Amino acid sequence: MKKLNFIFITLLFVAFSASSQSRKKADKDTEEWRYELEVVQQGHEGSYLVKVWSYSKKANVAIEQAKKNAIHGIIFRGVSASGRVPGQPALTNNPNLEMEKQEFFDDFFADGGKYMKFVQVSGDGSVAAEDRLKVGKEYKIGVVLSINVEGLRNDLQATGMIKSLSSGF
Amino acid sequence: MKHSSKQINKIIFTSLVIINLFYSVTFSQVQTKFFRPSITTTFIKPASNEIAKVYEGFATLPMEGRFDNRSVNSNMLNITIPPRPEMPKMENPLGAKRAIEDYKRSLKDWDNAVSKSISGSISPIGKEVFGNMFSRTSDGNMSWDKLMEAANYSATDNQALSAKESKNSANEMEAIANELVKRSYYVVYNIKSIKTYEQVYNDIDASLKALSIKTKKPFKPTPRTQEGWQIDFNYFIYKLVWDDATVNDFGDKAWLDASTTDPAERAKKITAFENYEFKFELALSGGSTANASQSNNPEVYKNSKLFKIERKSMDQLLTELPSSMQDVMVFKGGREIEDFKMRAPIFQEKPITVKLGTKEGLYYDERFFVYEMEQDKEGKTVKKRRGVLRTSKIADNSMIATGTSPASKFRQQGGKKLYQGTLVELYEDYGYGFSIGYGLLDNFIGGATVSAEVRIPRLFKGSGKLNKYLRGLYLNVNASYNPLMRGKEITEDDGYKLNFQCISYGGSLSRETYFTRKGNLYLMPEIGGGLFTTSTEDYTGSNDEEVTLAASGIYVNGSLGLGYHFTPMISFFVKGGFCMKLGDPTWKVEDDEIDFSNVKYSKDFKTIKGISIPVFAGLRFRF
């Protein structure tokens, strides 16, 4: 019986550490903020459809991190126009904001953090075949997401991370 | 702000040019999306009444689900196709290479001449199809409405949701409608010859006679067991040219809708449409034969009490030919023409589901290849094969997609681990194969074995419930030859060592079953039966002369095989099971039966009766 318990606990430990390894890998990829953002369409009521290209050695990890990357891009980098679809400038023009408010943004981008409120997968949740690309030894995955830019802007203004237009310059 | 009709036309056609440009940039390297192609079936004017009857059969023939069938009234091309060059007879082997080159050249010239002739006369048909597609009315007005309906039906969940979420949802659907126009295909059939089976047998006999004279062997006529028809036909698949230049040109000159009210302008546009020369490019051409036959033995139709078989008239058999002709065209087109290949990304990994279904005409066991997109060193996107899938549960998605369409289930049958988003693309197989191997532990059904197989679901191509149970089912015929029965004694100590040869023929039913996620390994239970024979010509008869001694019997067998896919086409297998010989074998010296029932067989002949446990190993090839 003791032997069985030992085997069971060891298996649980291995499964847990494998899952946390994958999580760490995902977080590491996100911390580096390696992604590309492109506008797809202008959505309804202040929303934007963007495609975020994320990189990872594991395809599934890249998909998981896409939402964080997209929100990060909208706040700090902006999206350039494409064809007839207008672009979206970054919500902040302070290049140091992320470092200055590190604690806030660490919480904001934590797993299941507040960022989740402003992003959802567009379409039926599937990745298009042309958006799943193997480049060298890693994957470049494009996920189309719908970003509630207005909601995000209002929230960051309310928390004082960015200034509202009405507050003056 | 009100737009004039010219401005509206300009907006529609300019947006189409932009959409064209976007799609051509996006999909210039590898096609990853499927838009339902449309097919219009046409024929070269028939040379005989029989050929005309075959063509009539197409009117009621349904098209495979993944295509839109666009029928037209004027589907006969009044042209004469010159006879196809025949392969020259090669009397002198030294001149063979040159003769083949000449033949290839003449075949290419013929192809070009035929193609030119057809594309010159297909334009009026293109006009009728185009008119139907854009709901052209008697007063010349056209609209996108019908095509937009088709676009809505063709749209995937993602496209439908994307349109819903977009501020300019009409643009999305316009883009799809435009892709549908670009995928307008025109098939032209030409039946080169039609023969009754009597003529077919006469031709075979004439060739055999000529061969027998050359080889100085007696001529043996072919048994005439069938009646029916055999045709030799060509098909030419053309694609409508709908590029930026054509879109602009057509929009400027020939597009007319209700917003154009000026009578002079309308008359000009109507005339322009009537005289418009639609351009086509040849996508594929090929040729094949098709047969529709049945037994000519009246007893077959009288004696079948359990399954009543109706004897068809020769006219009825003619109507079966269009289906074979269309199958060949769709199969070959599906392999060669990118637009014909249905494709979609993997939607879910466990179990593997893909958003394709009855709308696309899926059938059980239909084969798909799975590709991963890879960026090569030059930055080009190329597709690399990662696995093979077959349909295992078909979803009914014959509706306009809203975002919640059901997905069909697929079973992986070899390859690497597959992920969400990898491209699933149709690559239909012929459904037949063969295997070669060697069997041990039973001298009578063992030895070198060959087997031919046919995948049963491929014959029916069905999506109904019954077909679900036929998944992975194969019908096999096999033969074995054992060369190792030389210098063997029939009984333990009779002292007569003879050279025997053992041959067996059989049939079986087997089923592929997959049990691992990647499906590289498969199990294959099999059940069957057949006839075995063993004979020697060295037996010394009562007159001290060497005569033929032979034994034969019937067996039933069952086995369980384990296979491993090297490639989608080749797999290695081992199988073991039982073989039960039914009763004692029948021994004959010359034609006289002899009684060996009380003989105690030697170890080499031990498996001639009773139960044995043979094992086999070999390679299996599937096409």
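In this predicted model, chain B is assigned three domains: domain 1 (33-190 + 233-241 + 278-291 + 320-329), domain 2 (342-426) and domain 3 (432-622). Between the C-alpha centres of domain 1 of chain B and domain 3 of chain B the distance is 47 Å.

The largest nonpolar core contains 125 residues, and Val50(A), Ala70(A) and Ile147(A) have the most contacts inside it. Helix α2 (residues 59-77) of chain A supplies the largest share of this core, 9 residues. At least three residues of this core come from each of domain 1 and domain 2 of chain B. Leaving out residues up to four places away in sequence, Ile147(A) touches several residues, among them Val50(A), Ala70(A), Ile74(A), Phe118(A) and Leu152(A). A second, separate core has 12 residues, including Ile490(B), Cys502(B), Tyr555(B) and Phe605(B).

Helix α8 (residues 197-215) of chain B has 19 residues, which at 1.5 Å a residue should span 27 Å; the end C-alpha atoms are 26 Å apart, so the two values agree. Lys216(B) follows α8(B) and sits in the loop between α8 and β5 (226-240) of chain B. Lys216(B) counts as exposed because it has 6 C-beta neighbours inside 10 Å.

Some backbone angles remain to be described. Most residues other than glycine have a negative phi, and most peptide bonds are trans. Lys216(B), not a glycine, has a positive phi of about 55 degrees. Glu590(B) also has a positive phi, near 50 degrees, and lies in the loop between β20 (570-589) and β21 (592-594) of chain B. With 11 other C-beta atoms within 10 Å, Glu590(B) is exposed. The peptide bond from Lys350(B) to Pro351(B) is cis, its omega near -5 degrees, and Pro351(B) is in the loop between β7 (343-348) and β8 (353-354) of chain B.

Note on methods. Residues are numbered from 1 along each chain as its sequence is written. Chains are lettered from A and ligands numbered from 1 in the order in which they are written. This is a predicted model: local features need pLDDT of at least 70, side-chain atom pairs count only at pLDDT 80 or more; totals for chains, interfaces and linings use all residues. Domain bounds come from an automatic or database domain assignment. A nonpolar core is a set of buried Ala, Val, Leu, Ile, Met, Phe, Trp, Tyr and Cys residues joined through C-beta atoms within 7 Å. A residue is buried if 20 or more other C-beta atoms lie within 10 Å of its own, exposed if 12 or fewer, and partly exposed in between; C-beta atoms are placed from the backbone. Helices (H or I, at least four residues) and strands (E, at least two) are DSSP runs, numbered from the N terminus. Two residues are in contact if their C-beta atoms, placed from the backbone, lie within 7 Å. The expected span of a helix is 1.5 Å times one less than its number of residues.
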